[in-house]
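Subject: Structure handover

Hello,

Please find the structure below. My notes on it follow.

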Amino acid sequence: MSALPRPDLAGPSRTLNDALHDLHHRAGWPSLRALARETGVSHTTVSKAFSRPALPTWGTLELLVEAMHGDTAHFHDLWLAASAPTDRTRSPAPRIAGRRAELDAVRRHLETGSGLLLVTGEAGIGKSTLTGAAARTCAVVVATARCRPLSTPVPLMPVADLLRDLGVVDDASWSARVLGGCPRWVPTAIAPLLPELEVDAPPTLGTDFARQRLMSALVLLLDAVRADRPLALVLDDLHWADPGTLDLLEMLASRGSSVPVVGTWRTGDPDTGHDHLAWWERVGARSPRVHLAPLSRDETAAQLALAEGTTPTRERVDRIYARSLGRPLFTEHLATTELSDDALPDALSVLLAKHLTGLGTDAWLLARTLGIADRSLTVDQLVRATGSDDDPTPALRTLVRQRIVSGHDDEVRLAHPLLGAAVREHLVPGEATRVHARVAEVLAALPDPPAAEVANHWRAAHRPEEELVWRVRAARSAEARFASREAYPEWTRARELCRTSVAVDGADRVSLAEVLVHRIDSAIRSGEDVDTVRAIIDDAMAEELPDTGRAEVLLRSADLECGFGDLDLGLRQLDESIDMHLRQPPSREAAHALETRINIRSSLGHHELTRDDVDHGLVIAREIGAPDVERLFRAQLAWLRLVDHEPEDAVRLAREAVAASDEEGDPVGSIRVAAYAAEVLLPAGARAEVVATVLAPAIRQAERWQLRGVFIDDVLSRTAEAHLREGAVDQAARVLASRVVGDLGTDLRRCQRVQAAVDLRRGDAGMALARLERITSIDNYAVAAASCDCTTADVHLWSGDATAAAGCLDRALGFLSTDALALEAAGAFALRARTAADLADASRADDAGRAELRRQAEAVRAGSATDPFGPQAFGADLEAHTATWRNELDRILVRDHAQSWVHTASLWDELHRPHDAAYCRWRAAQCALRDGQGTVAARLLRKAAADTREHVPLSRAIAGTAAR
């Protein structure tokens, strides 16, 4: 391609842009799309870097320079020069040693950037100092917060600190204006985070949706603040951030928020958790970074000069630099402590201990309290926590002078977290107990007390009764903020306390049963393995509980056993749980237990047993006045109408249940209803257009809130499958594209199965098999696994491996034929007959061999507990599958006829299933050719080919027959 247009620039920006265009020329003028492929960014982004006046991010520029084999170090210098501020009204340069280029890069990002910039480096390297200096000299509003290394993370606490720093709580008129410009649900959604706002309590919602609602509200609020005034955010110590805060940053990045964020991240820390490292791999490693290396000797000299107000001697600089190796925190402490020349600075704790040893009694009491609190406190809070009535000013002055304590306004804290560790190492046995109790009392008096911190202090004070109160508050607070991973250890600790403490009464009332049930639920939601959850359930089952509590524990045990253990035990426990619930007044819990039994029985094909539960559920829903519960049972009633051969009534009930759903008030419940309706619409023969229309609102809600899970899996997979059945492979792929393309994970397994069918039709059998192998290898064998086996068999058949297909189908039908599930599995039985015919053709079996293969195929039907082609079987495609099955049996013996296949094709035509009809016409053409009817065969093949434009393997097979 020719040279790209150049923007109108001057100064360092002109120099940088000219150098970039010159490099493009030397590289042979590669196209924008070629550079986009090399760099992994869009061709639009590449074009902007060359032709727009705005300075490209260093991350984009670096990738472009590398792709064109340029000198990245040279271009980085040019980029830093172009990034340097030219506004003479800027605040005076901050007092910081070195770091000029890094400071300008951070400051420029805060003022004009977007997305996340990470300042990285090892502990004590000066990350917070740099970001603080940049924030103080910015021409925008910068809100700052610090993540804390709490033993129990407080969900989204740094985010709440950011919002308070912005004035969302204190500046009432401004915050009212900003919140007023947001959707009406935003203030209530953030209420658990900022209770000081005193807005209406949020509606009771499902955990997954409510958490996403809070995250989306925060994104909208920050964008609204950014629209009102220039805004940037600084978050210190992200390596200590709670998962919710990291999730919010990931969400801001994925949604392209305009709010610039600078975060600091400690590198090389062996204590960084697995979840944090996973976040780093997903987000941090792909974000632009400013990495801080140790200071040089000259920069260390500058740091000493700034700290001491005088020029240090060369000998002093050499001595301190040799010990600190350019680490600013080491230098800072070495500068205030004279050590002998043989003392090595490789253990900062030793140096800090020397600081603490020389403290007087009053100063030690303050340092001790701050070290035990492990957080900043106001001076008044510090005094109350020490239990002293003396004026703290002289002691604080000593601590500040010795750089042990730092502060801002009325708050003080230890100058570095490592100082807190040193303080705690200095304590003698028994010294901390009373201090922990006083700190707990001080923190408990805050307007929004950090419950987990308070609980931990009561634990350290050996006060289990007080700890249990706050442990329950911490668990409930985590659940209110939709942080199951944080709630689980809190409920676990509460469970331990319940062994020795009485149950909590009063405003925080909680029973042992509630603790046990919440612990089970939070373990499941936080992703604990089956064995761990089973052990937690066994622990709960061993307790003496009231009937309602025992019924809830039994329900969870039954659900686990039915899915991953002893099915008979699970069904017995399920019955016992429901019997207990039904002896009590009607409740949501009883309805949920009935719904669980309906789902489990339906998955086993026990449809007759579900009728009473559906009727009972409808009665309970009306008695407790719960229309959302009633919609769920009406959708399940639609399935029973289908089983009773009333497809029109089934479709009507399903559509009515979905139409009555409250999308805004209860999106998760609406998706659940849509999932039940989806199970009815396809077997009832609803057209793809109808299925897509009915389920579209649920899909929109899932996309809006980024919801995942089994119910949206049903909705998406059924929508895609409806398109796939009608031959619209590309349309099916578009439904699935945002969720499963390129992903071989185990999420959304039904979608993965349908995507495998799409892969097959597009001619990529290898990808289809890889996808199916992954999701079947981890699944407990049930209906979902049997469906995957049927799809796998289809892939094997089109790949020419009928033997492998037979193995998959025998496993699937061995499961499906044991009960009423066979009544809806006619397609699998027909596929087994096709497999036997393909085996006969592939092995060139003689008459006896073919007869045996037919006998085996018929034996599969004969051995089924219920007849898949009998009068009780159901489904709009039952007649077409029955005809296909008979034709395949005749094909085994080479006795099939073109006329019979053509009739079957017409049955598929009536169902708008072009690929199935084309398959039958292809087989009919083969019969016609065998009978010497070439003209008839050619006509059949032309029609078949016209119907298979989006089915690559079938198209190839038809073309192969036509060529012969």
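Is Asp 909 buried, partly exposed or exposed? With a relative accessibility of 30%, Asp 909 counts as partly exposed. The terms run as follows: buried is under 20% relative accessible area, exposed is over 50%, and partly exposed is in between, with a 1.4 Å probe and protein chains only.

Before the rest, some notes on the source. This is a predicted model, in which local features need pLDDT of at least 70 and side-chain atom pairs count only at pLDDT 80 or more, while totals for chains, interfaces and linings use all residues. Residues are numbered from 1 along each chain as its sequence is written, and side-chain values use heavy atoms, with hydrogens and water left out.

Overall figures

The protein has 964 residues, and 53% of them are buried. Its secondary structure consists of 48 helices and eight strands; these are DSSP runs (helices H or I, at least four residues; strands E, at least two), numbered from the N terminus. The C-alpha trace spans about 105 × 80 × 55 Å along the principal axes. Of the contacts (heavy atoms within 4.5 Å) with a separation of 6 or more, 67% are between residues 24 or more positions apart.

The accessible surface is about 42,200 Å², and carbon and sulfur atoms hold 50% of that. Areas come from the Shrake-Rupley method with a 1.4 Å probe; for residues, only the protein chains shown count as cover. There are 112 positive and 139 negative side chains, with 4 Å between the centres of the two sets. Lys and Arg count as positive, Asp and Glu as negative, and His and the chain ends are not counted. Each charge is placed at NZ of Lys, CZ of Arg, CG of Asp or CD of Glu.

Salt bridges

The search of the whole structure gives 72 salt bridges, each a side-chain nitrogen of Lys or Arg within 4 Å of a carboxyl oxygen of Asp or Glu.

Asp 909 forms a salt bridge with Arg 921 at 2.5 Å, N to O. Asp 909 is in helix H45 (residues 898-910) and Arg 921 in helix H46 (residues 914-930), so the pair ties together parts 12 residues apart in sequence. Arg 921 is buried, at 10% relative accessibility.

Arg 750 and Asp 714 are joined by a salt bridge of 2.7 Å, N to O. Because Arg 750 belongs to helix H38 (residues 749-761) and Asp 714 to helix H36 (residues 710-725), this pair ties together parts that are 36 residues apart in sequence. Arg 750 is partly exposed at 29%, whereas Asp 714 is buried at 8%.

In the salt bridge between Glu 514 and Arg 476, the closest N and O atoms are 3.2 Å apart. Glu 514 sits in helix H26 (residues 512-525) and Arg 476 in helix H24 (residues 464-480), so parts 38 residues apart in sequence are tied together. Glu 514 is partly exposed at 25% relative accessibility, and Arg 476 is partly exposed with a relative accessible area of 25%.

There is also a network of salt bridges that links Asp 794, Arg 834, Asp 838, Asp 841, Arg 850, Glu 888, Arg 891 and Arg 923.

Backbone angles

Most residues other than glycine have a negative phi. Asp 374, not a glycine, has a positive phi of about 55°. Asp 374 is in the loop between helix H18 (361-373) and strand E6 (377-378) and is partly exposed at 26%. His 645, also not a glycine, has a positive phi of about 65°. His 645 is in the loop between helix H32 (627-643) and helix H33 (647-659), and is partly exposed at 42%.

Regards
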